[in-house]
Amino acid sequence: VLIIEENAESLGYKEEDIDVDTPKEYILHEIQNLRDEFSLKPHQNTGVAWLQYLMKTKSKGCILADDMGLGKTLQILCFIDWHNKFINKGAKPYIIVSPVSLLDNWNNEIRKFLKAGTFNPIILHGNNIDPRPNNETIQWLEKQDLILTNYETVRRCQFNICAVNYAVVVLDEAQKVKTPGTYITCAAKALKADFRIAMTGTPVENTFLDLWCIMDFAI
């Protein structure tokens with residue numbers, strides 16, 4: 001497995017501290033590829049504007065913890081569309097990690113909400129990626145624009161998936177990484193990205209250790 005600093009018993013790794021002020025109002029920047037028949041609700045406007053603000057202030061990541069049914073998926077898609085157009089400009093791929101049961105849902109939501117051609121997502125699941133370290137596989141992943149995969153595939157194929165520098169990594173149902181030291185948690189934390197988003201409506205299920213572990217991924 002890949003070796004990471006777990007920071008559980010002692011501080012082995014620390015990002016540079018960044019002071020981020022809280023503005024009175026977050027300003028939403030243009031989302032170009034949202035289909036005309038859809039529009040963001042007020043709380044979604046605020047959520048996307050908040051994500052944009054964090055990115056522009058060079059924050060490392062965050063938890064998006066809206067309750068189920070409030071449209072976290074749409075907010076993420078609008079954010080990465082804006083990020084790819086104005087920040088990333090197609091330089092690095094995006095990766096969304098979710099439970100396997102939600103992979104098709106993500107694929108369908110991308111095609112539903114975003115204009116055709118905005119992203120060409122690929123789904124990594126099962127045996128369609130080599131788990132052994134392979135430079136050709138890494139180079140192939142680097143050429144993609146949006147990768148959809150599940151937690152078990154990240155764990156199994158971490159030597160290839162975690163070798164790529166991503167623009168943004170999103171963990172859906174991020175309570176999957178609430179336990180320090182598990183293979184899935186360590187593999188998820190080994191993903192390299194300019195910005196990290198943990199999506200979960202239940203950041204604390206048992207103890208505050210859950211929240212700490214998810215935050216350790218995000219920032």
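In what follows, a residue is called buried when its relative accessible area is under 20%, and exposed when that area is over 50%. The structure is a predicted model.

**Exercise 1. Determine how many aromatic pairs the structure holds, and classify the pair formed by F79 and W82.**

Solution. For F79 and W82, the ring centres are 5.9 Å apart and the ring planes meet at 35°. Planes under 30 degrees apart would count as stacked and those over 60 as edge-to-face; the pair is therefore tilted.

Next, locate the two residues. Both belong to helix 2 (residues 72-88), where they are three residues apart, about one turn of the helix. An α-helix has 3.6 residues a turn, so residues three or four places apart point the same way.

**Exercise 2. Classify the pair of Y94 and F119, and state which parts of the chain it links.**

Solution. The centre-to-centre distance is 5.9 Å and the angle between the planes is 75°, an edge-to-face arrangement. Y94 lies in strand 2 (residues 94-98). F119 lies in the loop between helix 3 (103-113) and strand 3 (122-124). Finally, Y94 and F119 are both buried.

**Exercise 3. Identify the cluster that ring pairs form.**

Solution. Ring pairs join F79, W82 and F195 into a cluster.

**Exercise 4. Compare the span of helix 1 with the expected value, and describe its packing.**

Solution. Helix 1 (residues 42-56) contains 15 residues. From first C-alpha to last, helix 1 reaches 21 Å, close to the 21 Å expected at 1.5 Å a residue.

The next step is to list its buried residues: Q44, G47, V48, A49, L51, Q52, L54 and M55. These buried residues pack against strand 1 (61-64), helix 2 and strand 6 (192-199). After helix 1 comes K58, which has a positive phi, near 65°.

**Exercise 5. Name the residues of the nonpolar surface patch, and decide whether Y183 is buried or exposed.**

Solution. V1, I3 and Y183 make a nonpolar surface patch of about 400 Å². Of these residues, Y183 is placed in helix 7 (residues 183-189). Its relative accessibility is 56%, which is over the 50% cut-off; Y183 therefore counts as exposed.

Conventions. Residues are numbered from 1 along each chain as its sequence is written. This is a predicted model: local features need pLDDT of at least 70, side-chain atom pairs count only at pLDDT 80 or more; totals for chains, interfaces and linings use all residues. Side-chain values use heavy atoms; hydrogens and water are left out. Rings of Phe, Tyr and Trp (its six-membered ring) pair if their centres lie within 6.5 Å; planes under 30 degrees apart count as stacked, over 60 as edge-to-face and the rest as tilted. Helices (H or I, at least four residues) and strands (E, at least two) are DSSP runs, numbered from the N terminus. Buried means under 20% relative accessible area, exposed over 50%, partly exposed in between (1.4 Å probe, protein chains only). The expected span of a helix is 1.5 Å times one less than its number of residues. Contact means heavy atoms within 4.5 Å. Patches are made of residues with over 30% relative accessible area and no salt bridge: like charges are joined within 9 Å, nonpolar side chains (Val, Leu, Ile, Met, Phe, Trp, Tyr) within 5 Å. Accessible areas come from the Shrake-Rupley method with a 1.4 Å probe; for residues, only the protein chains shown count as cover. A salt bridge is a side-chain nitrogen of Lys or Arg within 4 Å of a carboxyl oxygen of Asp or Glu.
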